[in-house]
Amino acid sequence: MSKHWTEKLFIDEANLFGDTLEERKKTTDIEIEGLLGILNEYRVPNKASILDLACGIGRHSVPLAKKGYRVTGFDISPTYLSRAREYAEENDATGNVNFVEGDMKQVEKTLDQHVGSFDVVLNLFTSMGY
């Protein structure tokens with residue numbers, strides 16, 4: 001059986017987007033500011049549990065973890081998750097963030113083995129379209 005195109009693209013050819021994902025870190029601070037505004041508006045406490053669905057290299061997961069949120073980053077790409085773990089270590093955020101590999105089409109089944117429930121689920125940019 002052949003692989004789904006998302007597996008081919010984000011697992012087999014993950015490096016195609018590596019530079020782009022790293023470049024997008026330049027806009028992360030302003031995006032996090034916006035997310036914090038939304039979380040504040042909805043009175044989400046800073047110790048809340050957040051699922052960052054299709055987290056990529058963790059560019060939102062890590063800063064949210066540094067702000068005190070308990071973050072689970074979830075992505076199909078082992079390459080991106082490896083970079084996300086490095087990013088968390090570089091930013092002293094490993095205590096509040098956990099990265100889990102899996103396909104978002106099976107997120108419930110995969111996460112049942114790892115964590116409980118979430119207060120917030122984030123899916124940023126176009127990932128849901130995949």
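**Close-up views of a predicted model**

**View 1. The end of helix α5 and the residue that follows.** Just after α5, D92 adopts a positive phi of about 50°. The model is a predicted one, in which local features need pLDDT of at least 70 and side-chain atom pairs count only at pLDDT 80 or more, whereas totals for chains, interfaces and linings use all residues. Residues are numbered from 1 along each chain as its sequence is written, and side-chain values use heavy atoms, with hydrogens and water left out. Helices (H or I, at least four residues) and strands (E, at least two) are DSSP runs numbered from the N terminus.

View 2. Helix α5, residues 78-90, comprises 13 residues and reaches 18 Å from its first C-alpha to its last, close to the expected 18 Å, the expected span being 1.5 Å times one less than the number of residues. Within α5, Y80, L81, R83, A84, Y87 and A88 are buried (under 20% relative accessible area, with exposed meaning over 50% and partly exposed in between, for a 1.4 Å probe and protein chains only). These residues cover an arc of only 160° around the axis, which puts them on the same side of α5; the arc is that of the directions from the helix axis to the C-beta atoms. On the other side of α5, E89 and E90 are exposed.

**View 3. The largest nonpolar core.** This core, a set of buried Ala, Val, Leu, Ile, Met, Phe, Trp, Tyr and Cys residues joined through side-chain atoms within 4.5 Å, has 21 residues, and those with the most contacts inside it are L39, I50, L64, Y69, V71 and F99. At least two residues of the core come from each of α3 (28-41), α4 (61-66), α5, β3 (97-101) and β4 (120-122), and α5 gives the most, with four residues. Leaving aside neighbours within four places in sequence, I50 is in contact (heavy atoms within 4.5 Å) with L39, L64, Y69, R70, V71, T72, F118, V120 and L122.

**View 4. Strand β2 and its two partners.** Five of the six residues of β2 (residues 70-75) are buried, so that the strand is mostly covered. Strand β1 (residues 49-53) runs parallel to β2 and is joined to it by five bridges, pairing being assigned if DSSP finds at least two bridges between two strands; here S49 stands opposite R70 in β2. The chain crosses from β1 through α4 to β2 in a right-handed β-α-β crossover, meaning that, with the strands pointing away from the viewer, the path from the first strand over the helix to the second runs clockwise. β2 also pairs with β3 in the parallel sense over five bridges, with G73 opposite F99 in β3, and β2, α5 and β3 make a right-handed β-α-β unit.
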